[in-house]
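Here's a quick briefing for anyone opening this one for the first time. Have a look at the chains below, then read on.

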Amino acid sequence: MHAVNEPDEIKKKVEECHGAVEVTYPIEVKYCGNCSMPIEYCEYYAEYDKCKEWLAKNYPEDYEKLMLREVEEAAGASAGGMDSDRKRQKRGGKGMLRAKKDNEDDNELKCVRLSCTTRGKNKRVTLVAGLAAFKIDLRAAAKFFGTKFACGSSVSGDKEIVIQGDVKDDLLEVIPDKWPEVPRDAIDDCGESKKRGQS
Amino acid sequence: MFKKFEEKDSISSIQQLKSSVQKGIRTKLLEAYPKLETHIDLILPKKDSYRIAKCHDHIELLLNGTGEQVFFRHRDGPWMPTLRLLHKFPYFVTMQQVDKGAIRFVLSGANVMCPGLTSPGACMTPAEKGTVVAIMAEGKEHALAIGLLTLSTEDILKINKGIGIETYHFLNDGLWKAKPVK
């Protein structure tokens with residue numbers, strides 16, 4: 001059912017794309033560190049300026065090429081008038097991507113919150129929230145707490161670790177020891193949590 | 001299709017594949033993309049065990065041994081390569097080139113309209129309706145999207161109106177952003 005092209009045609013196309021150079025596979029494509037697309041598509045990204053910055057830092061040669069091309073294009077546009085524009089179809093609508101407002105992670109305070117709740121009548125559990133903000137693997141952390149305190153420990157919900165037993169005071173010591181990137185000041189003792197522990 | 005795809009929420013289960021099923025998929029892929037034969041061992045090594053991630057909306061992703069997404073499909077549709085794979089081996093999928101003006105629309109997930117394929121900057125390779133195509137762009141080297149022809153290329157030329165390629169996967173959508181699954 002899938003139509004197959006003539007081999008020549010494909011070859012021609014590939015040659016067009018890669019300047020008739022012998023290609024070895026897999027092809028390595030340079031991806032932009034800012035928008036993650038191949039660098040030739042950066043100009044369609046909302047934060048093109050940031051992409052440029054990134055490019056200048058990481059691939060200076062490509063950046064220079066890009067600059068050269070832009071200058072040429074600008075010169076061509078002013079000299080040739082609207083010639084190139086006229087040929088093309090115009091399209092309406094708002095095609096441009098908007099910059100997304102995903103500053104949530106940045107706005108989230110970088111602090112680890114410890115709290116205690118009771119589970120049942122006489123059992124205590126410790127909740128640790130906010131470790132994810134430090135790019136710590138929660139599952140590994142839960143496992144670590146479990147072995148450290150010899151108790152049950154699990155990741156509950158999204159960004160919270162539940163440790164069985166009241167180990168809040170120990171945690172204040174253990175966390176900065178284990179992860180030096182978490183400063184002691186960033187650990188917040190929230191005391192008794194009103195929220196009932198998840199059963 | 002992958003506009004609202006999010007790795008964390010959209011993948012509901014991951015399965016290890018039986019070797020018989022793996023073979024089935026391999027032959028299916030080779031049937032669909034005969035030109036893949038030279039490099040399929042690079043993409044899906046024979047000894048490797050692949051996994052399938054079942055996602056919402058009847059989407060399935062084929063993961064190779066390292067957990068990278070290599071192919072995807074919708075319901076019982078054809079397997080389509082992900083863009084990351086296509087960038088590495090661009091030759092095995094039929095290419096259709098759109099003109100410059102269409103790029104920004106395709107990059108925000110729009111289907112490709114016929115005029116975008118017939119205007120001066122564009123270029124089509126003849127293909128039947130329902131073919132998996134790589135959407136290239138005027139003046140660009142790499143593919144920017146993957147889709148399915150909803151009309152044959154002849155019809156596109158003739159009708160020159162409405163949707164010509166249904167876009168399935170484009171740069172910077174959810175699947176593009178998804179990281180290799182552990």
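Chain A averages a pLDDT of 74, and 69% of the residues score at least 70; pLDDT is the predictor's confidence in each residue, from 0 to 100. This is a predicted model, so local features need pLDDT of at least 70 and side-chain atom pairs count only at pLDDT 80 or more, while totals for chains, interfaces and linings use all residues. As for bookkeeping, residues are numbered from 1 along each chain as its sequence is written, chains are lettered from A and ligands numbered from 1 in the order in which they are written, and side-chain values use heavy atoms, with hydrogens and water left out.

**Where to be careful**
- Over residues 1-7 of chain A the pLDDT is below 50, and beyond near neighbours in sequence this stretch has 16 contacts in the model (a contact means heavy atoms within 4.5 Å).
- Residues 101-107 of chain A also have a pLDDT below 50, with zero contacts in the model beyond near neighbours in sequence.
- Where pLDDT is low, the predicted coordinates should not be read in detail.

**Helix 6 of chain A**
- Helices (H or I, at least four residues) and strands (E, at least two) are DSSP runs, numbered from the N terminus.
- Helix 6 of chain A covers residues 138-149, twelve residues in all, and reaches 16 Å from its first C-alpha to its last.
- That is close to the 16 Å expected at 1.5 Å a residue, where the expected span is 1.5 Å times one less than the number of residues.
- Its buried residues are L138(A), A141(A), A142(A), F144(A), F145(A), G146(A) and F149(A) (buried means under 20% relative accessible area, exposed over 50%, partly exposed in between, with a 1.4 Å probe and protein chains only).
- Those buried residues pack against strand 3 (153-156), strand 4 (160-164) and helix 7 (168-178) of chain A.
- Just after helix 6 of chain A, A150(A) takes a positive phi of about 50°.

**Cysteines**
- A search of the whole structure turns up zero disulfides over all chains (a disulfide is a pair of cysteine sulfur atoms within 2.5 Å).
- The sulfur of C42(A) is 3.5 Å from the closest cysteine sulfur, in C35(A), which is too far for a bond.
- C51(A) is in no disulfide either, and its nearest cysteine sulfur, that of C35(A), is 3.6 Å away.
- C42(A) is buried at a relative accessible area of 5%, and C51(A) is buried at 1%.

**The sheet in chain B**
- Six strands of chain B form an open sheet in the order 7-11-10-9-6-8, with mixed pairing.
- Strand 7 (112-113) and strand 8 (123-124) of chain B stand at the edges with a single partner strand each, so one side of each has no neighbour in the sheet.
- Strand 10 (residues 145-149) and strand 11 (residues 163-170) of chain B pair in the antiparallel sense over five bridges; two strands pair if DSSP finds at least two bridges between them.
- In strand 11 of chain B, H169(B) is the bridge partner of I146(B).
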